[in-house]
Amino acid sequence: MGVLARRFLNLIVPGRTPGVKSLRCIDLAGQQLFYHDEPPSSSNGDGSEPLAPAAGGQDTISHPLALKTEMLRIPRPSFTFRALNNGWNLNCFPFADSKVICGDQSGFGFIFDLDSRKVETIPPLLKLPTVKHVSVFVHKPHVDNDNWNHGNGSSLFLMERIHQPEPISHEVQESEQFVGFINHYPSGPWGNKCFTCRLLPPPPFVRETCSWYNNTPQITAYGVIGAGSHVCISVQGVGTYCLDTANHTWSQVGKWTLPFHGKVEYVPELKLWFGLSGDSQHLAAADLSDMDSQPQLVGGPWKELDPPDEWKECKDPQFVSLGSGRFCIARFFQEAAGSAGDQVIHENAAVFTGLEVNSGGKGGTAGKVLLQMTPHRSRRVNSTSIEALF
């Protein structure tokens, strides 16, 4: 059994107005999502808990989705973030395990560190991507902690998921569709390193619209490779590109795309990258250390949950790596709960599942490493809008 490297699973939950977001922290200690010992066998045949009515207690309520699996009660907000004006949108971009960058349309921004409970203001923000953004965090503590290293340290890169064409320009190199929060010396080797917001150059295809063939390219998969040296993105119908995190230049590595959907994370204990598969959106693994050809899945896809037929997924699932080969996957469902006149009333729920991947030794073709997935607990959250997990 792996050991959780983190104690908390963090959630960003939107408030009743666009200018309010709350940070909720689920304590993973105990048996919220993971058993202390091996999971018991079940009638599902995959090691997961049966999705059956709970016996007695507050779980036996009349909510249609509440009769399927055990409840997970979201804690009260640990912190609440507000825009300078409640009518403005507040963007929250999680990075690392416990930090969030927040900013509103006025350009005001700050970094909140949940562990230290400190707030750090940052220079005025530039135009930020829309809510359909992609965010990739590159952790470089060896640069952050070295005052003699004047290179780019840890960085959070924000990109529009769906790209818009841009005219070719010899004067304007940067793009509002690609933004970086870079930890460095802002104006030379004096003072302290801090995160500053800057526009970045786009990958070449954004300004090579003749190759779009009336399609609107969008990022389908993204992650960090090369121990933080590059950010990799796959773009539907275009190919896969890498951004050098030191000098912010792009290069195309292939016409193919990664076999994932959404973010991809490296798990050092297993020396593989994990993400949700491109076809079924279930957890899978691949080796991205060699990008000379299209990577193939070496583990999975593993189905961690078998929901009833009447549950319809209403948005993309999210996953978080919790360390030591343990993960949490959140799936978001909707079910018709009844009708009022001509309108159908829908109930929403999110289901969190803890799962674990271990190396099962070598076997199969050419002695490749075999991976084993073990699902743990599945817990349901009712009628709560969740923006992001981290």
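1. A disulfide is taken here as a pair of cysteine sulfur atoms within 2.5 Å. By this rule the count is zero disulfides. Cys-242 is in none, and the nearest cysteine sulfur to its own, that of Cys-232, is 4.1 Å away.

2. The model is predicted, with pLDDT of at least 70 needed for local features and 80 or more for side-chain atom pairs, while totals for chains, interfaces and linings use all residues. Residues are numbered from 1 along each chain as its sequence is written, and side-chain values use heavy atoms, with hydrogens and water left out.

3. Cys-242 counts as buried because its relative accessibility is 4%. Cys-328, at 0%, also counts as buried.

4. The structure holds one cavity of 30 Å³ or more. A cavity is a set of points, on a 1 Å grid over the protein atoms alone, where a 1.4 Å probe fits but cannot get out; lining residues have an atom within 4 Å of a point. The largest cavity has about 40 Å³ of space, the volume being that filled by probe spheres set on the points.

5. Its lining consists of Phe-157, Leu-158, Met-159, Phe-178, Val-179, Leu-200, Pro-201, Leu-243 and Trp-250. Strand 9 (155-160) and strand 10 (175-184) are the elements giving two or more residues to this lining. Strand 9 has the largest share, three residues. Strands are DSSP runs (E, at least two residues), numbered from the N terminus.

6. By class, the lining of the largest cavity has nine nonpolar residues, no polar and no charged ones. Nonpolar covers Ala, Val, Leu, Ile, Met, Phe, Trp, Tyr, Cys and Pro; charged covers Asp, Glu, Lys and Arg; the others, Gly among them, are polar.

Methods. 1 Å grid on protein atoms, 1.4 Å probe; cavity = no way out; pocket = protein on both sides within 12 Å on 5 of 7 lines; lining within 4 Å. Helix = DSSP H or I, 4+ residues; strand = E, 2+ residues; numbered from the N terminus. Buried < 20%, exposed > 50% of the residue type's maximum accessible area, 1.4 Å probe, protein only.
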